[in-house]
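Okay, morning everyone. I've got a few minutes on one structure, so let me put it up and walk you through some of the pieces.

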Amino acid sequence: MTIDRQSFPPLDTSKAHPARVYDWLLGGKDNYPVDEAVAEKLPPEARDAARQNREFMHRASGWLAEQGIDQFLDIGTGIPTQPNLHQIVQGITPAAKVVYTDNDPIVLRHAEALLVSRPEGVTDYIQADVRRPREIVEHARHVLDFGRPIALSLIALMHFIPDEQDAHSIVANLVETLPSGSYLVLSHASSDIFPELSAQVTAEYAKGGIQLGFRARAEVERFFDGLDLVSPGLVTATEWFQAAPAPAQEDSGIYAAVARVR
């Protein structure tokens, strides 16, 4: 894939964007004062949550690569932070194919970093929104073989889709395109583990013009309807692991799980 810099959509630096707030929380530099203004007002636990999400992605994608999964569709990619998903999985399976998707133009400007594939593998990037799943799948079909298992990665994404935008249907529509033996990898901010903190985070994001849809455990579990949860099931991000060493035990307000498509 060649990045056409002449076709970059304009950056709107007058409004905060989730990918850039997340970048600030991870200690990145690819954000603007409007994003920093939101992030600085968040409780310290928000930084922990960003890190925990990232570490869960590393563990889950690495485990899937070890199980022989060599195709990944990562939606809500965010600004590249090493190691990224393709670096994890291609370090285990060099021929793995990865398609990244995000809707923030600044991520497109960093897409070259996402496209540095191992010679045996492939990486690709599409500028698109998860609320347009058909567009994403149509593009991904040019790279991924939808006749073989694919890992669909939705890390810290769906809590930016409130209920009125039908988040559960979006995920169900994406999963329906996947063949048997595929996997859904999902993490999601909780509304019920630390309710006061969740309310504070939601309020601060709202001040920055970003609407959140944090959900209780039962609502997060609905994303996995009809799928087979991989042990240990739906747990907090710091509790999900498959191989030693176990992650450090710490509080987390993030639910996480991996599930197999029947």
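Predicted model: local features only at pLDDT ≥ 70, side-chain atom pairs only at ≥ 80, totals over all residues.

On one side, strand 1, residues 71–75, pairs with strand 2 in the parallel sense, over 5 bridges. If you want a spot to look at, find glutamine 71: its bridge partner in strand 2 is lysine 97. To get from strand 1 to strand 2, the chain goes through helix 4, residues 85–92, and that β-α-β crossover is right-handed.

Strand 2 also pairs with strand 3, residues 122–127; these two run parallel, joined by 6 bridges. Here you can look for aspartate 102, whose bridge partner in strand 3 is glutamine 127.

Next, threonine 236, which sits in strand 7, residues 235–236. Buried or exposed? Its relative accessible area is 14%, and buried means under 20%, so threonine 236 counts as buried. Beyond its neighbours within four places in sequence, threonine 236 contacts Ile193, Ser252, Ile254, Tyr255 and Ala256.

Last stop, the second largest pocket, with a volume of about 180 Å³. Its lining includes His168, Arg222, Phe223, Phe224 and Asp225. By class, that lining has 7 nonpolar, 2 polar and 2 charged residues.

That's my tour, thanks.

Definitions and conventions: Residues numbered from 1 in each chain as written. Heavy atoms only, no water. Helix = DSSP H or I, 4+ residues; strand = E, 2+ residues; numbered from the N terminus. Buried < 20%, exposed > 50% of the residue type's maximum accessible area, 1.4 Å probe, protein only. Contact = heavy atoms within 4.5 Å. Pairing = 2+ DSSP bridges. Right-handed = clockwise from strand over helix to strand, strands pointing away. 1 Å grid on protein atoms, 1.4 Å probe; cavity = no way out; pocket = protein on both sides within 12 Å on 5 of 7 lines; lining within 4 Å. Points joined across faces, edges and corners; volume = space filled by probe spheres on them. Nonpolar A, V, L, I, M, F, W, Y, C, P; charged D, E, K, R; others polar.
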